[in-house]
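Happy to go through this one with you, strand by strand and helix by helix.

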Amino acid sequence: MLLIKGGKVVNADETFQADVFIEDGVIKAIGHDLVCPRETRVINADGLLVMPGGIDAHVHMQMPIFDSATVDDFYTGTRAALAGGTTMIIDFVVPKLGESLLAAYDRWRSWADGKVCCDYSLHVAITWWSDVVREEMGVLTKERGVNSFKTFMAYKGYLMLNDPELYAVFSRCKELGALAMVHAENGNFIEEKSKELLEMGIVGPEGHLMSRPEEIEGEATNRAVTLGGLINCPVYIVHVMSRSAADVIVQGLKRGVVVYGEPIGASLALTGHHCYHADWRHAAAYIMSPPIREDPSTPAYLMDLLACNLLHTTGSDHCACSVSQKARGYSNFTQMPNGVTGVEERMSIVWQKGVRTGKLTPNRFVEVTSTTNAKIFNVYPRKGRVSVGSDADLVLWDPSMVRVLSAKTHQTRVEINVFEGIECHGGPKYVIAGGKVVVDPEGLHVTAGAGRFVPNDCFSDFVYNRIEEREKLKVTKGVERSPPPKTA
Ligand SMILES: NC(=O)NCCC(=O)O
Ligand SMILES: [Zn+2]
Ligand SMILES: [Zn+2]
């Protein structure tokens, strides 16, 4: 039992002074002068903000890459998440080409279940298309707690779907009440441009950036948003990295498309100049897709849109590749595993670049780091809210904490921290996951396997309300005509 005393509760829609009593992993009471059993541990939360723990709906732990896997598994990855104030992650099952979705899902569960230190859910990527895939999407939603499917418009030859396949997946998502998540880049363009650059002798990390100009992120985002609007399927654009992609999302919203945009820690804080660094190790650490943009105005622009709900939530796209894994692409950038980290830094980055700049209120901070994800993935108010009956997944945020992000102190297993040197004001003093104190001033107290799999139901009201109403209004019928006149 735990009593959080003297803090200020911050939800997405309210702020108030109150104590919070926790028992059996759940918030049992919120108020003043709460009567608690004598053995209750009391945390003094004077000066702290009591907020729902972060929900990072975009991570890749232990993701297979070529002949190995990303270096943060579900233990070190969730440990890093908790260290940064994130108490729930949603990872991506990525089936191999031709592989059963259910088999891939089982594999991911077997990797995660015994290792996770915090609660988690799974999205499933659709990397190929057939009637079996269509069928298995149904099983995953009805029996395995999956309500979101990711499609790739890039990584041609192993993950990318073509337009008719996208059409089929979006249509199936709509039928099932699931969300279509999209990695939006034009894979055909990237392939051609990469060949050209390699022929010119540009083989280093900068070639990756040059092969993926932001216009092609914008073009693919436009294709995805257009398809989503025409099919009446909700679309979630993962890792929004550019002004071009963000502008397309804003245009889609204006047309009434149900679309969500997710910038990540890296796109809100960094610029792509790192990819030109003379030290190859440094440059390679910043390689991800779509790339971190060179335009220095992009991070602040994305934060401005996040502030006014034209972008909606944040993720990290945590995908921890070591220097030796990146070295696979030393003499050919197309062979380098893509990915940056951020599961540990996302909350601090959003606070520093959003709240500290006067763009986000603490309430909006809660919304874009936790509540909106809870609503989109249909686990609200169990998650994403400090309220009686909700899971006791909390972060006690200290606005006066000052830290410099660094590889010297981070939890992730990678050697280089892409946020190195960023001074963050505000950070997690205590983190509570499933009612247990996992971070306190003494350090980390995590347990492998303490997290649970959280099933996500389809037809989230937050996402599907407008979709279902519009569906009822749809009238699709041809024109009845009299037979053509007989010719002599
Ligand atoms: N983003 C990236 O470069 N790596 C992770 C996989 C993905 O999200 O596309
Ligand atoms: Zn992606
Ligand atoms: Zn990703």
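This is a predicted model: local features need pLDDT of at least 70, side-chain atom pairs count only at pLDDT 80 or more; totals for chains, interfaces and linings use all residues.

Me: What is the strand order of the open sheet of 7 strands?
Reply: Strands here are DSSP runs (E, at least two residues), helices are runs of H or I with at least four residues, and both are numbered from the N terminus. Two strands pair if DSSP finds at least two bridges between them. With parallel pairing, the order is β8-β11-β12-β13-β14-β15-β16.

Me: Which are the edge strands?
Reply: An edge strand of this sheet pairs on one side only.

Me: Is strand β13 (residues 148–152) enclosed or open, and how many of its residues are buried?
Reply: A residue is buried if 20 or more other C-beta atoms lie within 10 Å of its own, exposed if 12 or fewer, and partly exposed in between, with C-beta atoms placed from the backbone. Both faces of β13 are covered, by the burial of Ser148, Lys150 and Phe152 on one side and of Phe149 and Thr151 on the other. The strand is therefore largely enclosed by the rest of the structure, and the buried count is 5 of the 5 residues.

Me: In β13, which residue is the bridge partner of Ala125?
Reply: Strand β12 (residues 119–125) and β13 pair in the parallel sense over 2 bridges. The partner of Ala125 in β13 is Lys150.

Me: Which residue in β14 does Phe149 stand opposite?
Reply: β13 and strand β14 (residues 179–183) run parallel and are joined by 5 bridges. Opposite Phe149 stands Ala180.

Me: How do the axes of helix α7 (residues 214–231) and helix α8 (residues 243–254) run: roughly parallel or roughly antiparallel?
Reply: Axes are lines fitted to C-alpha atoms, for helices over the stretch in contact, and angles run from 0 to 180 degrees between N-to-C directions. The two axes come within 7 Å and cross at roughly 20°. Angles under 35 degrees count as roughly parallel, over 145 as roughly antiparallel, 65 to 115 as roughly perpendicular and the rest as oblique. So α7 and α8 are roughly parallel.

How values were computed:
Residues are numbered from 1 along each chain as its sequence is written. Chains are lettered from A and ligands numbered from 1 in the order in which they are written.
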